[in-house]
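This briefing is meant to be read with the coordinates open beside it.

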Amino acid sequence: AGYSNFRSSVKYFLFRTAFGLLVIASANPQYGENEKTVESKGIDIMIALDISRSMMAEDIVNNYSRLDLAKLAIGKLMNELRGDHVGIVVFAGEAYKQLPLTPDYHVAKLFLKSIGTDMISSQGTAIDEAIQLATNYYDDESKIERILIIISDGEDHNDVSVDMAKIASEKGIIIYTIGVGKEKGAPIPIKK
């Protein structure tokens, strides 16, 4: 007497429903779209990477070529960037654009992984061409700081690179150079 199956079922259903709604509410669901225009206030960084065959020498760390170590360093740099644009120019005997300035670091890392010494057939170290090509990708109208990082193991065989660096400096581009490898040199492995 006094027991109702209907009331008991309603209480059970309401308790389960309330518990389910609390779980959904704690997930904080959102509805709708908000568009915001975000202005990037970072810097423009172009990286000029030497991909001549001499970058295949393994004189710094065993089983890692100079090019591998340079690519690892560039990848670490990209991990630290926030709001900056990054681009890549590769060079050996000639210079080629690999990636224009982009804020998308995931794409930049994909392009970085695909870089190899077989991309350019003419050998040499055309640092002057790399500087000239890299400076063409900066927006001269913007007031953003512009940096060019040159990573190479080779010596430059002409004096034009110094003149190109002076021209780039006059345009407000800061140039950093990073040497890869030992001064003594090392044999270049030929892999078949």
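Leaving out residues up to four places away in sequence, isoleucine 151 touches Ile47, Ala48, Leu49, Asp50, Ala70, Ile74, Phe91, Ile178 and Val180. The model is a predicted one, and the values below are computed from it.

**Nonpolar cores**

- The largest nonpolar core is made up of 24 residues, and Leu49 and Ile151 are those with the most contacts inside it.
- Two or more residues are given to this core by each of β1, α2 (66–80), β2, α3 (105–113) and β4, and α2 gives the most, with four residues.
- Apart from this there is a second, separate core of 16 residues, which includes Ala48, Val89, Leu133 and Met164.

- Strand β1 is mostly covered, since seven of its seven residues count as buried.
- Both faces of β1 are covered, with Asp44, Met46, Ala48 and Asp50 buried on one side and Ile45, Ile47 and Leu49 buried on the other.
- With β2, strand β1 pairs in the parallel sense over seven bridges, and within this pairing aspartate 50 has phenylalanine 91 of β2 as its bridge partner.
- The chain passes from β1 through α2 to β2, and the β-α-β crossover formed in this way is right-handed.
- With β4, strand β1 again pairs in the parallel sense, here over six bridges, and isoleucine 149 in β4 is the bridge partner of isoleucine 47.

- The buried residues of α2 are Arg66, Leu67, Ala70, Lys71, Ile74, Gly75 and Met78, and what covers them includes β1, β2, α3 and β4.
- An α-helix has 3.6 residues a turn, so residues three or four places apart point the same way.
- Helix α4 (residues 127–135) is mostly covered, with seven of its nine residues buried, namely Ile127, Asp128, Ala130, Ile131, Leu133, Ala134 and Thr135.
- The buried residues of α4 pack against β1 (44–50), β2 (85–91), β3, β4 (146–152), α5 (160–170) and β5 (173–179).

**Two polar residues**

- Glutamine 98, which lies in strand β3 (residues 95–102), has a relative accessible area of 13% and is therefore buried, the cut-off being under 20%.
- The side chain of glutamine 98 is joined to that of serine 114 by a polar contact of 3.4 Å.
- Setting aside neighbours within four places in sequence, glutamine 98 is in contact with Ile88, Val89, Val90, Phe111, Ser114, Ile115 and Met119.
- Aspartate 139 is found in the loop between α4 and β4, and its relative accessible area of 41% makes it partly exposed, because that value falls between the limits of 20% and 50%.
- Aspartate 139 and leucine 101 are 38 residues apart in sequence, while their C-alpha atoms are 9.9 Å apart in space.

Notes. Residues numbered from 1 in each chain as written. Predicted model: local features only at pLDDT ≥ 70, side-chain atom pairs only at ≥ 80, totals over all residues. Heavy atoms only, no water. Buried < 20%, exposed > 50% of the residue type's maximum accessible area, 1.4 Å probe, protein only. Polar contact = N/O pair within 3.5 Å; in protein donor to acceptor, adjacent residues only side chain to side chain. Contact = heavy atoms within 4.5 Å. Core = buried A, V, L, I, M, F, W, Y, C linked by side-chain atoms within 4.5 Å. Pairing = 2+ DSSP bridges. Right-handed = clockwise from strand over helix to strand, strands pointing away.
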